[in-house]
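Subject: Structure handover

Hello,

Here is the structure I promised to pass on. Please open it alongside this note, and my findings follow below.

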Amino acid sequence: MESPIKPSQSGKTRAERKHTPKASNKGLYQRAIKDAFVKLNPRIMLKNPVMFLVWVGTIITALLTFDPNLFGTVPGENQRLFNGLITIILFFTLLFANFAEAVAEGRGKAQADALRSTKSETTAKKVLPDNSTQEVSSTSLRKGDQIKVVAGDMIPADGEVIGGTASVDESAITGESAPVLKEPGSDMASSVTGGTRILSDELLIRVTSDPGKGFLDRMIALVEGAERSKTPNEIALTVLLAVLSQVFLIVVATLPAIANYVGTPVSVAILIALLVALIPTTIGGLLSAIGIAGMDRVAQFNVVATSGRAVEACGDVNTLILDKTGTITLGNRLAEEFLPVNSHSIEDIANVALAASVFDDTPEGKSIVRLAEKLGAKVNFDRSQAEAIEFSARTRMSGTNLDDGSQVRKGAVDAVKGFVRSRNGQLTPELDTAYERVSRLGGTPLAVCQDSEIYGIIYLKDVIKPGIKERFDQLRRMGVRTVMLTGDNRITASVIASEAGVDDFIAEATPEDKIAVIQQEQAKGKLVAMTGDGTNDAPALAQANVGVAMNSGTQAAKEAANMVDLDSDPTKLIDLVTIGKQLLITRGALTTFSLSNDIAKYFAIIPAIFASAGIGKLNIMGLASAQSAILSALIYNALIIPALIPLALKGVKFRPLTANQLLQRNILIYGLGGVIAPFIAIKLIDVLIAGVGLA
Ligand SMILES: Nc1ncnc2c1ncn2[C@@H]1O[C@H](COP(=O)(O)OP(=O)(O)OP(=O)(O)O)[C@@H](O)[C@H]1O
Ligand SMILES: [K+]
Ligand SMILES: [Mg+2]
């Protein structure tokens, strides 16, 4: 039976792909502004050591605004106004940093709300031991329970189909409106997700998740950021920034002694201003937003990551393991031609190929049936007495045991050769000629036999996906090695490998080979990413550093992987590596920028502090006054945070370069830019401040 409903499939362009339900931007900024204030809570601030220092500084300068002589008398006029201005600027610095994080989180929250709205509590028809059904609340379902769902019902929990065939609307999760066929047994079609709706017929389902632990629940928790824990890279950077801040704290603490020595005592407010200007507030304020935005970007691509760590791991990937059919090629391998050998006729091979394929439900099998029937082949045995031998990636063969006891097979040439050899059949060079001809075209050759007699070769044609070579070129420039792993023969594999431009390939691979290849790469210290969908793939997905499961795949694969692609598009892995790299690059670029900003701030503030000691010559920026210099540096320091929010959320423009080239490029752009930009900006702010006569 050819069903009009296909399992959700890949091969779509990005424009065609619909994304996870998303809420509009309306209210996003309002909520973020409110959250920016809520996050001023010291217990929340404490998680970010750099910004916490600013928080403490703000409290002290606020006190100094009320009593400028709190820590001893300070010479000079306008102390109150000056301290008040510093307090306001510091307060906004805190708000801006909190706002950056809140906006990043807000996007996920809006998405979580949209997801949650699709998921309502429902009743479920639980199957009791006596086979009757009982209406229960969906929240009372437990792993292992059996339930019945009928047309129109919301599927109340994740599960495996164990009976019935039905079409299911999975758009709540995939954003894909085409119904998906579900039936028991088959790897791809037997898993269902809670929150999706059954459109026709009925299904018997074994529940595979406890309440609140389902796929949709996990997805909501993730996009909401509830489960976001800092990644190892992020922790390392936070520690580095905290240490740097401490160093500056010590430097600033020694200043009063020097200042007193040269006879220009400095006020505590100025010391705090200097400290805040020097500690890395820019990256400190944007760091978590960058991480959240990375996860969000992955979600925009319709991929659910189990953790931020998984997204980051994508950026560190050295080796990408891809399978051939459906990833590098379009995957609709169709029978194109029969090549008879050993003086058999086209009709002979068509008949045997048909006999070997009548029970084969794979796209390959169905296309062989179509081609054979077009050539006039007929089924000339009793189907009800025949036994189907299903295709498996391990045997790499499929076929039929006929009613008269004979066995017809088709499959990978070496597998069929082995089958024939074990029955003392003859192998002729003619077979190899036909098989090589097909392979050289990049096609998949299937040998056809009945017992010990070889009938010839079926040519399965497949096409390399357009644009894939460019993607691999990009990956290579980023230093990522691509390895194609295929069950197909060496010649086909090498033809496709060179046309697609992968760096290496492994042919005639069994599912076990996948794990072996991953382990070998990891033993060399490489980080490996791979995609997969079958239960077979689960161990390899778990072994890989980044394992991306297809949503159309089995529960086992989805649980083993650290990412699930809702579009079931195996090439998504390439996008994920790009997103991960971009996340790491953005973080590096903004750190570089933040730290190089300090040079200009030194030149603005230090001469200002020592101005009355006659070191004013150092004032190479020609700033209007000492107070104006300090305020300008602080205002720049605050404004640069919101100015960089768009970059932090969007990520720096991505270029396919190696880590070293990127480092050089970033030092040039963000390092040099970070030195120059504040000189210009601080000077401009100073002119403005002097203009309005503030200081
Ligand atoms: N329906 C089928 N019946 C018999 N043999 C098949 C069938 N489908 C594929 N084969 C043979 O088995 C081999 C292995 O198939 P498998 O799906 O494991 O790998 P593949 O599709 O060739 O490559 P990849 O791992 O890149 O998807 C194929 O190369 C082909 O020779
Ligand atoms: K700073
Ligand atoms: Mg395959």
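A helix axis here is a line fitted to the C-alpha atoms over the stretch in contact, and angles between axes run from 0 to 180 degrees between N-to-C directions. Keep in mind that this is a predicted model.

Start with helix α3 (residues 49-66) and helix α7 (residues 232-261). Their axes are 8 Å apart, and the two helices pack at an angle of about 40°. On the α3 side, the contact uses Pro 49, Val 50 and Leu 53. On the α7 side, Leu 241, Ala 242 and Ser 245 meet them. By class, this contact of α3 with α7 has five nonpolar residues, one polar and no charged.

Next come α21 (residues 572-609) and α22 (residues 626-650). The axes of these helices come within 9 Å and cross at roughly 170°. Angles over 145 degrees count as roughly antiparallel, so α21 is roughly antiparallel to α22. Contact residues of α21 include Leu 590, Lys 601 and Ile 605. Those of α22 include Ala 629, Ile 630 and Leu 644. The contact of α21 with α22 divides into 10 nonpolar, two polar and one charged residues.

Now the record. An unreviewed UniProt entry lists residues 49-66, 81-100, 235-262, 268-292, 602-623, 629-649 and 669-694 under "transmembrane region". I looked at two of these spans in the model. Residues 49-66 are 100% helix and 0% strand, with end C-alpha atoms 27 Å apart. Residues 268-292 are 92% helix and 0% strand, and their end C-alpha atoms lie 36 Å apart.

The domain assignment gives domain 1 (28-111 + 230-287 + 583-647 + 666-692), domain 2 (123-211), domain 3 (300-330 + 464-577) and domain 4 (334-461). The C-alpha centres of domain 2 and domain 3 are 30 Å apart.

Last, the ligand. Which residues are closest to ligand 1? They are Asp 323, Lys 324, Thr 325, Ala 412 and Gly 487, out of 21 that surround ligand 1. Domain 3 and domain 4 each give at least three residues to this shell. Elements α11, α13, β14, β15 and β16 each supply at least two. By class, the shell has five nonpolar, nine polar and seven charged residues.

Best wishes

Notes
Residues numbered from 1 in each chain as written. Chains lettered and ligands numbered in written order. Predicted model: local features only at pLDDT ≥ 70, side-chain atom pairs only at ≥ 80, totals over all residues. Helix = DSSP H or I, 4+ residues; strand = E, 2+ residues; numbered from the N terminus. Parallel < 35°, antiparallel > 145°, perpendicular 65-115°, else oblique. Contact = placed C-beta atoms within 7 Å. Nonpolar A, V, L, I, M, F, W, Y, C, P; charged D, E, K, R; others polar. Near = placed C-beta within 6 Å. Domains from an automatic or database assignment. UniProt positions renumbered as here; feature names shortened; annotations may be inferred.
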